[in-house]
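Biologist: Please take one residue in this model and describe its setting closely. After that, carry on through the other sites worth a look, in one connected account.

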Amino acid sequence: MVPCKISLLLASVFLLPISLPAQQPSSAPKAKPKPRVIMVGVNGMELDIIRPLLLKGQMPNLSRVIEKGAYGKLRTVSGPNCPRVYTTLFTSTNPDEHGVTGFIVGGITANTHMLKEEPIWSMLSKGDVTVGMANVPATFPVMPVNGYMISGMLTRGKNCEDGVLCAPKLSEVTGGDAVYPAKMREELLKNVGDFYIDCERMPSAGDLKQHEGEVIDRWLAKVQTIRDQQTKLFDYLLVSHPTDFTFLAQSCEDRTGHWLYPITPFNVGYNASVNSVRQSAFPDQYIAFDKVLGTILKHVDDNTYVVVVSDHGIKPLREFEEKDPHAHADHEKTTPVIAKHDFADGDDVPGSVFVMGPGVKHGFRIMGLAASVYDIAPTLLHIYGIEQPKQMRGRVLSEVFEGTENKVAENK
Ligand SMILES: [Zn+2]
């Protein structure tokens with residue numbers, strides 16, 4: 001059971017009354033419009049897989065963001081996994097400080113009641129920035145914002161009682177609210193349909209045995225159905241509920257990489273009966289993601305920043321870890337995985353960041369690991385002119401904006 005008392009306490013701490021912006025007298029000079037930010041989270045985006053696709057012209061939308069903006073690797077935390085890193089991204093504090101140290105914390109599936117630090121959506125809401133979020137990991141149960149929030153990975157529901165790496169439909173959610181404000185749930189069911197929240201659970205070795213091709217194809221088809229539903233949801237939200245800050249996330253790419261990473265046959269864990277069936281499955285996920293990005297980019301104007309961010313990369317199994325290197329501890333040790341990301345050294349699997357928008361340098365590359373997941377929240381606050389609170393460990397990624405020297409890029 002989730003401790004409700006704590007949630008009430010946090011709600012009161014994080015949600016001070018939201019004041020409306022003061023009315024401007026009609027004679028006042030026209031104020032600069034508030035910037036819009038559309039942030040797209042991609043779980044486990046792996047640059048080793050993406051770069052060849054960019055070269056081949058198979059990710060034209062991400063190419064456009066790179067050309068018109070800045071990009072680079074994003075240093076992540078140790079033992080990175082989605083809830084652990086996303087919550088660091090929300091708060092710019094480390095996992096021990098913010099409390100969401102992994103999928104399971106103290107025997108309970110990670111949830112927003114565990115948050116011990118103020119998340120970015122609360123700070124922006126208090127700063128009169130309207131906030132819209134959908135499918136972002138570790139946001140269940142949803143919290144009140146100055147806008148809307150639809151939960152993502154770790155949402156619990158029918159056939160997904162523990163909420164870990166499975167996909168309840170919106171109508172099947174149990175154990176908390178998946179939509180804020182609650183009245184928006186009916187509207188979504190009516191206009192978008194009963195969409196899956198998060199991606200599909202991976203098949204087990206038992207499911208796969210002697211039915212590999214069939215199981216893989218069925219799983220990939222379900223993944224595409226989920227992605228189509230999420231694309232429809234994102235498009236609907238951007239049209240019908242535009243907000244200053246919008247944060248949308250995808251998680252099927254990472255899920256595919258774990259068991260269908262395409263390096264063969266030298267991978268540790270390589271199993272020809274599984275891993276030779278659909279070698280393009282994982283790269284295909286990014287090609288499909290690029291189409292989702294294309295839908296989102298249709299809603300971008302000159303006043304909009306686009307931030308594509310990944311919490312970590314994903315690499316083939318390759319070194320001894322304390323845990324069984326052949327099983328992904330977070331995926332219940334039933335799927336025959338060939339790649340993972342929760343290596344003790346997070347620098348083995350950096351995430352990535354791609355930024356485009358007003359005043360952002362064009363074609364700028366952040367070298368090395370100068371940018372980190374801690375820097376995203378301070379940079380967002382900077383865009384909205386909100387002062388960075390003391391507890392935040394990151395910095396504003398000032399090198400990506402015009403008018404700053406390329407110190408980091410030059411790697412001095
Ligand atoms: Zn993963």
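Modeller: I start with A110, which counts as buried because its relative accessibility is 1%, under the 20% limit for that class. The model is a predicted one. A110 sits in the loop that runs between β4 (108-109) and α6 (120-126). Leaving out neighbours within four places in sequence, A110 is in contact with P83, V100, G102, F103, I104, V105 and L154. R84 is 26 residues from A110 along the chain, and the C-alpha atoms of the two are 9.1 Å apart.

L237 belongs to helix α9, which covers residues 212-240. Its relative accessibility is 0%, so L237 is classed as buried. If residues up to four places away in sequence are not counted, L237 touches A134, Y148, I150, M184, L188 and P242. Between the C-alpha atoms of L237 and L248 the separation is 9.9 Å, with the two residues 11 apart along the chain.

Next is the metal site. The zinc ion has three protein donors, D254 through OD, H258 through NE2 and H341 through NE2, at 2.1 to 2.2 Å. Along the chain these donors follow the spacing D-x3-H-x82-H. H258 is in helix α10 (residues 252-260), while H341 is in the loop between β11 (339-340) and β12 (351-356), so this pair ties together parts 83 residues apart in sequence. H258 and H341 are both buried.

K340 and D342 form a salt bridge of 3.7 Å, taken from N to O. K340 counts as buried because its relative accessibility is 3%. D342, with a relative accessible area of 10%, is also buried.

That pair leads to the charged pairs in general. Side chains of opposite charge can pair when their charged atoms come close. Searching the whole structure gives 14 salt bridges. One of them joins the side chains of D48 and K315, with 2.7 Å from N to O. This pair links distant parts of the chain, 267 residues apart: D48 is in helix α2 (residues 47-55) and K315 in strand β10 (residues 315-316).

Another salt bridge is formed by D162 and R201, whose closest N and O atoms are 3.7 Å apart. D162 lies in the loop between β6 (147-152) and β7 (179-180), and R201 in the loop between α7 (184-191) and α8 (205-208), so the pair ties together parts that are 39 residues apart in sequence. D162 is partly exposed because its relative accessibility is 27%. R201 is partly exposed too, with a relative accessible area of 30%.

Note on methods: Residues numbered from 1 in each chain as written. Predicted model: local features only at pLDDT ≥ 70, side-chain atom pairs only at ≥ 80, totals over all residues. Heavy atoms only, no water. Helix = DSSP H or I, 4+ residues; strand = E, 2+ residues; numbered from the N terminus. Buried < 20%, exposed > 50% of the residue type's maximum accessible area, 1.4 Å probe, protein only. Contact = heavy atoms within 4.5 Å. Donors = N, O, S within 2.8 Å, 3.2 Å for Na, K, Ca; no water. Salt bridge = Lys/Arg side-chain N within 4 Å of Asp/Glu carboxyl O.
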